[in-house]
Amino acid sequence: MRSKPFKIAIVLLTVIALIIPFATARADSSSAGGFNVLQLAKDSDIMLFNGEEIRAAQPVTYKDGAAYIPLNGIASVYGFTLYFDAKTKEAVAKSNVLELRFKADSPFIKVNGSAVKGPGPVFAQEGYMMVPLRMWADLTDSRINVSGRQITLSWSIAVPSAAFEIEADDEIHAGQTVVFYKDLASHPNGLPIVQDVWEGRYDVFPEAGWYTVTRRVMDAAGNWSEPYSVTVEVLPPNLPPVADFRTDKETYRIGEHIEYRDLSADDEDAIVRRTWVGNEPVFFESGEKLVELEVEDKHGLTHRVSKFITVTDEVLYTKEEYDKLFTDIGGKYALSGSEVLGYTPVEYTFKRENVRLVRSNSPEVLRETGIAYDTIQTGKTRFLIYNQNAMSYNVNVYLVATNFNGTAVDISIGAHGAGGPDPYSTNAGKMSTLRYLDAVNRGVQAGTLRLRPKESAVLLADKLSAVPIKPNQIFSAYADITSNDYVRYRVVIVPQGVDPLQELEKLPMLPRDGVHVRGSFDYTDRSITIEEQLGQTKQRLMFGDNKYDPNLWGIDDGTGKNELNVGNYGVLYRMKVNVAPRTLISLNARGGHYTGAFIVNGSVVEVTKGSILKNQDEACVLYRSGNRAETVEIVFTPASGSNLPIALMFEPLPEERT
């Protein structure tokens with residue numbers, strides 16, 4: 001004999017088969033007022049669903065004062081799918097948002113997995129599952145009305161939403177802008193959207209004005225949404241910009257400055273690009289000069305204008321005169337490198353300042369990890385680190401301080417600057433020098449650190465070690481460190497992600513490469529005062545040449561080898577010079593390419609703005625004095641990655657003419 005649950009499963013599956021044509025039949029029906037209405041009667045198996053008669057498997061039955069209805073009669077009209085879970089012996093009614101599980105003889109109903117107690121246990125009647133009517137109404141957000149033998153259930157019809165968005169790359173212009181419609185339609189019960197109707201929809205709106213675009217959608221059950229509307233402003237067609245310019249004159253002399261005034265216009269004031277051709281600030285050859293300007297608006301429309309400028313044979317300034325008078329500070333101009341040797345060299349003396357320099361530049365090319373330099377220092381020490389990663393993986397450089405004393409040591413961190421990692425040596429050297437000198441100029445004090453006895457710490461980790469050095473990249477850094485007692489400093493190179501403090505005592509000392517400098521140098525900084533007035537004639541001061549500016553001698557602490565700081569990289573020069581009225585101070589690279597920075601009268605000057613000095617035939621303008629004699633203060637340090645020597649040139653400015 002078959003068990004009761006098995007009989008219920010057979011009946012439920014039969015009912016499910018009957019539900020499908022019923023659901024299809026009612027999809028074409030509609031209910032007034034947006035509600036479904038189900039009418040039942042006590043002890044009757046006849047139901048009216050939205051006015052249509054349906055016969056239930058069992059009549060409405062009262063038990064212990066509570067009304068029960070057959071699950072396979074009511075679930076279908078609510079859009080639930082029925083099945084029997086043989087494993088748990090539960091009848092399951094499932095919609096897109098709700099799962100109800102009923103078990104014969106149990107008062108508990110599982111609602112989306114949570115147990116809810118009903119007014120009494122569900123039960124099987126002639127093989128059909130009977131469920132509490134009022135609990136069903138509560139679970140399905142239905143209103144229930146009882147009048148005598150009549151019971152009425154009503155619940156809102158789940159209708160879709162027809163939402164959408166109108167998208168365009170920019171403002172919408174009539175006849176030009178293609179718009180896109182982003183579908184945001186949805187259904188609360190997850191039913192598919194099968195049809196939509198649009199009003200006022202255009203892919204390209206034909207005329208300017210306000211448009212209302214409306215959409216309605218229908219779900220798979222035949223229910224239509226409320227209209228959803230979006231109002232959009234359509235602007236008049238975009239007009240192309242108009243390129244135009246004017247110069248302050250129509251005719252110019254050779255070497256006369258030209259002022260260009262851009263008069264371009266756009267109907268939306270939305271010019272995003274201006275491209276000039278031939279708009280030289282000055283011409284040094286006579287003739288008709290073609291100048292062009294092209295402008296583009298934010299919609300991609302362009303316009304170009306061309307005009308001619310007349311340059312006569314009359315000379316106001318030669319190119320050499322013009323460059324020396326008008327090149328921007330930090331800008332560069334062309335000259336004959338051989339002529340610089342004709343500038344009178346100025347001998348100078350200097351006072352050595354008690355600053356220790358630690359230069360870690362050998363091996364310059366890192367082929368393995370380890371300790372690049374190991375030294376013990378006290379007082380004020382400047383570190384100069386410059387390396388290239390030749391390994392196949394990322395590494396980090398750390399500056400580690402260790403207190404080997406029996407008492408605490410205080411460490412102060414002053415000016416510092418890092419450049420790179422960068423694939424180009426000039427970039428790394430330039431940025432580290434520029435940032436370091438900017439910090440010197442601002443008097444930066446980055447904080448203090450107290451090291452307990454036998455304690456080690458990483459210094460300036462956020463500046464020197466934050467970014468890993470990738471293969472073939474170059475890193476450069478300066479750091480001024482002061483301690484009140486002896487401290488052991490190590491420049492450590494480890495793979496990215498490795499803790500340098502944990503590996504510190506295991507790392508090998510890297511060998512010198514035999515070419516570059518590694519060592520510690522005493523009395524590093526040089527203060528220069530020149531008594532004679534400079535700039536009355538063409539004069540030059542030479543640095544990094546080992547003649548006028550002798551190289552520092554020091555020692556490699558790792559090997560005990562005497563070391564010569566070729567080029568005096570890491571030396572900080574401070575000078576005060578008295579210059580004549582209308583003196584041009586500029587920098588010429590004698591050893592090849594050069595970059596970096598100078599501090600001149602409290603202003604940091606980049607060498608050069610957006611570029612470098614590429615050879616001996618270029619100079620960078622550092623300063624021009626006024627109509628009176630001045631004392632000019634200059635501070636600099638040779639830039640790593642650049643070539644020495646360099647010449648600091650002083651010469652009279654050309655006469656100004658009108």
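Is Trp136 buried or exposed? At 2% relative accessibility, Trp136 counts as buried, where buried means under 20% relative accessible area, exposed over 50% and partly exposed in between (1.4 Å probe, protein chains only). The model is predicted; local features need pLDDT of at least 70 and side-chain atom pairs pLDDT 80 or more, whereas totals for chains, interfaces and linings use all residues. Residues are numbered from 1 along each chain as its sequence is written, and side-chain values use heavy atoms, without hydrogens and water.

A search of the whole structure finds 24 aromatic pairs. Rings of Phe, Tyr and Trp (its six-membered ring) pair if their centres lie within 6.5 Å; planes under 30 degrees apart count as stacked, over 60 as edge-to-face and the rest as tilted. The rings of Phe49 and Trp155 are stacked, because their centres are 6.0 Å apart and their planes lie at 10 degrees. Phe49 belongs to strand β2 (residues 46-49) and Trp155 to strand β14 (residues 150-156), so the pair ties together parts 106 residues apart in sequence. Strands (E, at least two residues) and helices (H or I, at least four) are DSSP runs, numbered from the N terminus. Both Phe49 and Trp155 are buried.

Tyr78 and Trp136 form an edge-to-face pair, 5.5 Å centre to centre with 85 degrees between the planes. Tyr78 lies in the loop between α2 (71-74) and β6 (81-85), and Trp136 in helix α3 (residues 133-139), so this pair ties together parts 58 residues apart in sequence. Tyr78 is buried too, with a relative accessible area of 12%. Phe49, Tyr78, Phe80, Trp136 and Trp155 form one aromatic cluster.

The largest nonpolar core has 67 residues. Such a core is a set of buried Ala, Val, Leu, Ile, Met, Phe, Trp, Tyr and Cys residues joined through side-chain atoms within 4.5 Å. Phe543, Phe598, Leu622 and Leu648 have the most contacts inside it. Apart from this core lies another, of 33 residues, among them Ile74, Val77, Ala91 and Val122.

Helix α6 (residues 425-442) has 18 residues. At 1.5 Å a residue they should span 26 Å, and the end C-alpha atoms are 26 Å apart, which agrees; the expected span is 1.5 Å times one less than the number of residues. Buried residues in α6 include Thr426, Lys430, Leu434 and Tyr436. Just after α6, Gly443 takes a positive phi of about 65 degrees.
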